[in-house]
Amino acid sequence: MKKVVMPLVMVAILALLPFLGVQYAGLSYLFGVIIPYTATVVLLAGFVFRMVDWLRRPVPFRIPTTCGQEKSLEWIRYDRLESPHRFWEAAARVLFEVFFFRSLFRNTKAELHKDSNLVYGSHKWLWLGGLAFHWSLLIIVLRHSRFFFPMVPGFTDFLEHADGFFDITLPTFYSTDAVVLAAITFLVFRRLNDAKMRLLSLQTDYFPLFLIAAIVVVGVLMRYVVRLNIMPVKDQMLRLVNFSFDAPGEIGALFYVHLFLVSVLAIYFPFSKLMHAGAIFLSPTRNLPNDSREKRHINPWNAAIKFRTYSEYEDDYREKMKKAKLPIEKQ
Amino acid sequence: MSKYVPKLSELKKEFDEKPSVLKGDYSAREWWDIPVEFRDGNWCFPGKPEVLADLGFANPRKWMATDDDWQLPAGWQKIISDGLQSRLKKYRSLKLFLDSCVRCGACADKCHFFLGTGDPKNMPVVRAELLRSVYRHDFPLVEKILKGFSGSRKLTEAVIKEWHMYFHQCTECRRCSVFCPFGIDTAEITMMVRELLNLIGVNNNWILAPVSNCNRTGNHLGIEPHTFVQNIMSLAEDVEDLTGVNVEPTFNRKGAEVLFITPSGDVFGDPGVYTMMGYLLLFKHIGLDYTISTYASEGGNFGMFTSNDMMKKLNAKMYHEAKRLGVKWILGGECGHMWRVVHQYMNTMNGPADFLEVPVSPITGTRFTNAAATKMVHIAEFTADLIYHNKLKLDPKRNDHLRTTFHDSCNVARGMGMFEEPRYVLRNVCNSFHEMPEDTIREKTFCCGSGSGLNAEENMENRMRGGFPRANAVKQVKDRHKVDSLVTICAIDRASLPPLMKYWNPGVSVYGLHELVGNALVMQGETKRTTDLRENTMAGFENGGDDEE
């Protein structure tokens with residue numbers, strides 16, 4: 001299983017680098033200042049570049065995938081989300097994809113049973129796992145905003161309280177930490193467990209999963225096990241936010257592992273499938289209204305072509321057309 | 001049955017016994033290590049040299065997919081990679097769909113070809129990877145450092161063979177795109193790869209011969225004007241024999257209100273011709289001022305399965321002819337990919353159609369604002385509107401000898417969103433209608449297995465496999481509700497579903513929607529009807545024609 005082991009080894013090496021670098025080579029400035037800045041620049045510039053690169057390519061045809069009744073006759077109800085007719089309906093369709101993974105919710109599983117019978121069943125595990133994964137990641141990222149502001153913002157407080165609802169450990173246990181780890185475990189295992197998934201998965205599918213898992217695990221270790229002193233961490237993050245290039249204070253090496261892996265993820269992001277985060281907004285099968293018979297969609301490069309005109313056709317078939325008593329233009 | 005298909009018992013045995021990815025068997029082989037095998041029944045004959053020469057297409061020659069040497073033109077790698085680059089610049093869809101897949105696998109078991117073959121390369125995600133892997137090769141540096149990391153590979157002749165095989169095992173039906181969280185549409189990728197393959201002369205005669213015909217004679221079947229008229233007139237005579245009504249179609253008539261365009265399969269092929277008889281009866285019934293063109297005598301558009309330019313070229317005839325004849329608007333017959341082209345491409349490619357008027361039904365006064373720009377109305381919309389306004393005298397009992405189910409055609413379903421109109425018409429013209437299981441209809445409908453130009457006889461095994469999910473769903477309503485009639489609104493369905501039913505579900509016949517309309521229409525001045533348009537006895541009307549005895 002080279003395609004699973006390779007990414008695992010890569011993530012392990014990546015995690016070891018900052019640990020060794022800070023602990024034994026005193027490279028805390030490299031891992032605490034230079035790399036995070038570089039990563040941020042690459043992420044932002046790369047993301048913008050990729051989006052612009054997509055956006056400047058034309059959408060020659062209006063090709064929504066219609067998953068519901070179109071707007072046609074007045075007495076037939078049309079499906080505003082699945083066959084949007086107006087811009088805001090198409091926008092709602094995209095937002096439902098972004099926030100609730102609507103298309104994945106449709107998922108079915110096909111099974112070939114005895115006597116050549118195909119059976120379809122509802123199969124919402126991927127939807128649930130994907131939703132749990134993305135939402136808990138988002139909440140975790142937002143929770144981290146406490147490190148970026150001198151005063152903890154109100155919404156961070158709210159998120160932390162909500163997330164720490166099950167107040168069972170000290171420090172307060174965040175349910176998203178458990179959810180995201182469970183979701184990653186599920187997402188990795190479904191790639192290994194199902195023959196189809198195993199076959200279609202590539203190294204680039206395992207790598208980000210392992211990378212994110214490593215980031216979360218290190219974060220969890222820092223918070224619940226090693227109990228890292230967070231004040232110097234917050235000081236360092238505030239320095240970074242304020243574009244300060246001062247050297248970081250005394251922070252445990254585990255923090256550098258966490259920060260470095262996040263930096264790797266940020267650098268990897270714009271050049272990989274993780275760009276689906278931006279692509280989902282642009283997909284022409286989802287973000288266009290199904291109104292191409294009502295309004296003309298313009299293709300900027302609409303190629304000029306020569307077609308066979310009626311007169312050329314009549315020239316070829318005039319005698320036969322006369323015999324068939326068809327009206328003709330020229331005698 | 002065809003010599004290009006195994007016996008049903010053999011295929012069923014394979015389904016039951018042979019391990020496959022579909023049934024959870026992981027052979028531990030990566031997809032790129034699995035060789036491509038062309039054998040009887042799984043490929044279409046290549047374009048004939050004279051057809052290619054006629055179209056001005058690249059690399060005309062005699063060859064077969066089973067040959068070792070495909071005689072690709074010199075510098076073919078550059079032709080392909082330049083072709084890909086230029087298409088990436090022209091189509092955001094292509095670039096996005098190549099970039100954004102996360103291989104979540106939601107599409108994997110949605111493809112009818114995967115369900116019928118169990119071949120991993122028929123999973124839509126892997127089908128797209130066949131191109132993606134080559135596309136990614138643009139970043140050879142990453143590859144060199146991290147060998148095999150992104151799953152890229154060189155463009156070799158073996159890859160071309162693989163593309164030819166698997167992009168002709170995709171019918172551009174878009175079912176995968178319904179389930180994809182990013183709406184990635186394999187049809188877009190298949191269309192692009194087929195364009196690329198055509199650049200180096202890797203092609204399919206069952207697509208290119210109709211394209212050439214359509215360019216020359218106006219229709220895929222290559223029917224010349226006099227024969228076209230003859231065919232429809234003989235159908236009109238059949239109608240008169242059966243009903244006593246003279247339907248009087250006109251051809252190339254200037255000043256008609258409506259130009260009617262339908263796939264040529266309805267003029268020539270069985271059972272399409274019965275649908276044509278239905279149209280003729282309907283137009284007579286409502287006294288529509290319409291004409292049929294021998295020049296724009298094709299609704300379908302096999303250019304769509306060839307290249308964007310060819311699709312535009314063949315489609316251009318519709319507006320050109322509508323303008324010449326001075327009609328007000330265009331009415332389109334039952335067809336699948338024709339309506340994908342008309343609905344999503346025509347006005348963009350060949351519009352604006354400002355010489356036409358916003359379609360208004362002369363019978364009901366309904367303004368078809370949904371077709372305000374393209375000015376072309378689907379016959380099912382048109383008829384549904386007539387029925388809704390009570391303008392048709394229908395006797396649904398005349399279809400009591402049929403127990404029907406409805407097959408949504410892929411393009412009309414997922415490229416247009418027309419689900420209710422045909423069902424409304426069907427419910428009004430027959431009394432027995434049962435839906436197939438919900439995961440196999442509407443936006444989740446399964447392709448007939450022969451769409452997008454794969455309907456060749458020599459491709460029969462693939463067609464029977466690709467059509468298996470559809471046939472299996474029909475079997476369920478056949479067993480449960482004794483359904484014996486599969487109603488469609490697509491000319492390719494009418495050509496491809498009869499052999500599919502014969503293979504998987506003997507006893508099920510295929511009907512066009514308007515054939516059933518034609519059966520049910522009570523015409524003014526008609527003779528007593530005892531048989532339907534196929535001259536099958538109608539249940540309960542056996543004694544209707546005693547005057548004949």
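# Two chains, question by question

There are 23 helices and seven strands in chain B of this predicted model.

Q: Which strands stand at the edges of the open sheet of four strands in chain B?
A: Look at the order first: β2-β1-β3-β4 (chain B), with parallel pairing. A strand at the edge has a single partner strand, so one side of it is left without a neighbour in the sheet. Neighbouring strands here are turned by 30 degrees against each other on average, direction ignored. The edge strands are β2 (290-292) and β4 (376-378) of chain B.

Q: Which residue of β4(B) stands opposite B:Ile330?
A: Strand β3 (residues 329-332) of chain B runs parallel to β4(B), and three bridges join them. Find B:Ile330 and look across to β4(B): the residue opposite is B:Met376.

Q: Which strands are at the edges of the three-stranded open sheet in chain B?
A: This sheet has the order β5-β6-β7 (chain B), and its pairing is parallel. Its neighbouring strands are turned by 35 degrees against each other on average, ignoring direction. An edge strand pairs on one side only, and that holds for β5 (404-407) and β7 (509-512) of chain B.

Q: What is the bridge partner of B:Thr404 in β6(B)?
A: β5(B) pairs with strand β6 (residues 485-488) of chain B in the parallel sense, over four bridges. Across from B:Thr404, the partner in β6(B) is B:Ser485.

Q: Which helix gives the most to the side of domain 1 of chain B that touches domain 2 of chain B?
A: Chain B is divided into domain 1 (17-203) and domain 2 (211-520), and their C-alpha centres lie 31 Å apart. Their contact takes 24 residues from domain 1 of chain B and 28 residues from domain 2 of chain B. On the domain 1 side, α2 (49-55), α5 (112-117), α9 (175-179) and α10 (186-199) of chain B each supply at least two residues. With five residues, the top contributor is α5(B).

Q: Which helix of chain B gives the most to the side that touches chain A?
A: Between the chains, 95 residues of chain B are in contact with 82 residues of chain A. By class, the chain B side has 40 nonpolar, 26 polar and 29 charged residues. Eight residues come from the helix that gives the most, α15 (residues 308-325) of chain B.

Q: Where does B:Pro271 lie?
A: The peptide bond from B:Asp270 to B:Pro271 is cis, with omega near 5 degrees. Most peptide bonds are trans. To find B:Pro271, go to the loop between α13 (265-268) and α14 (272-286) of chain B.

Q: What is omega for the cis peptide bond that joins B:Gly351 and B:Pro352?
A: B:Pro352 sits in the loop between α16 (337-350) and β4 of chain B. For the cis bond that joins B:Gly351 to this proline, omega is about -5 degrees.

Q: What is phi of A:Arg227, positive or negative?
A: A:Arg227 lies in the loop between α9 (203-225) and α10 (230-241) of chain A. Most residues other than glycine have a negative phi. For A:Arg227, phi is near 55 degrees, which is positive.

Terms used
Residues numbered from 1 in each chain as written. Chains lettered and ligands numbered in written order. Predicted model: local features only at pLDDT ≥ 70, side-chain atom pairs only at ≥ 80, totals over all residues. Pairing = 2+ DSSP bridges. Axes fitted to C-alpha atoms, helices over the stretch in contact; angles between N-to-C directions. Domains from an automatic or database assignment. Contact = placed C-beta atoms within 7 Å. Nonpolar A, V, L, I, M, F, W, Y, C, P; charged D, E, K, R; others polar.
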